[in-house]
Amino acid sequence: MAVLPPKPLVCVRTVEIPKENEQAFFDWIESNRELRQRYGILMERILQPADGTGDWLIITMWESEEKFEKWLVAKEKPAVDASRGHALVKFGKIKRYDTQAGY
């Protein structure tokens, strides 16, 4: 019997991004890309409401829940969370979603 690979985990959270901090926040996200890729992040998207009102969304996809859990306790993560870029915005809680279908 073949062993199936783990299903990707999708995380969604709201984020308040002040207009004056948008580019700096986007730059900060990009600056952490390689580090998070080492821990299994597959993609990250920052979505602005089409009507320009309300919170933005951050959607990330991870190789598996196990990989995401390892990121949460990574030795590098406290420095990322304490960095200036992280403080530029106000994050909501992370909601996890299991992948069931799609392409």
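**Close-up 1. The largest nonpolar core of the predicted model.** This core has 19 residues, and F25, W62 and W71 touch the most other members. The elements that give two or more residues to the core are strand β1 (9-16), helix α1 (22-31), strand β3 (56-62) and helix α3 (65-72).

**Close-up 2. The aromatic pair of W62 and W71.** A pair of aromatic rings is described by the distance of the centres and the angle of the planes. The structure holds six aromatic pairs. Together with Y39 and F68, the residues W62 and W71 make up one aromatic cluster.

**Close-up 3. The surroundings of W71.** Neighbours within four places in sequence are left aside here. Beyond them, W71 is in contact with L35, R36, Y39, W62, K77 and V80.

**Close-up 4. K77 in helix α4.** Helix α4 spans residues 77-82 and includes K77. The relative accessible area of K77 is 14%, so K77 counts as buried, the limit being under 20%. The side chains of K77 and D81 are joined by a polar contact of 2.6 Å. With neighbours within four places in sequence left aside, K77 is in contact with W71 and L72.

**Close-up 5. K95 and the ring of Y97.** K95 lies over the face of Y97. The distance from the ring centre is 6.0 Å.

Methods
Residues are numbered from 1 along each chain as its sequence is written. This is a predicted model: local features need pLDDT of at least 70, side-chain atom pairs count only at pLDDT 80 or more; totals for chains, interfaces and linings use all residues. Side-chain values use heavy atoms; hydrogens and water are left out. Helices (H or I, at least four residues) and strands (E, at least two) are DSSP runs, numbered from the N terminus. Buried means under 20% relative accessible area, exposed over 50%, partly exposed in between (1.4 Å probe, protein chains only). A polar contact is a pair of N or O atoms within 3.5 Å; within protein, one must be able to donate a hydrogen and the other to accept it, and residues adjacent in sequence count only if both atoms are side-chain atoms. Contact means heavy atoms within 4.5 Å. Rings of Phe, Tyr and Trp (its six-membered ring) pair if their centres lie within 6.5 Å; planes under 30 degrees apart count as stacked, over 60 as edge-to-face and the rest as tilted. A charge sits over a ring if NZ of Lys or CZ of Arg is within 6 Å of the ring centre and within 35 degrees of the ring normal. A nonpolar core is a set of buried Ala, Val, Leu, Ile, Met, Phe, Trp, Tyr and Cys residues joined through side-chain atoms within 4.5 Å.
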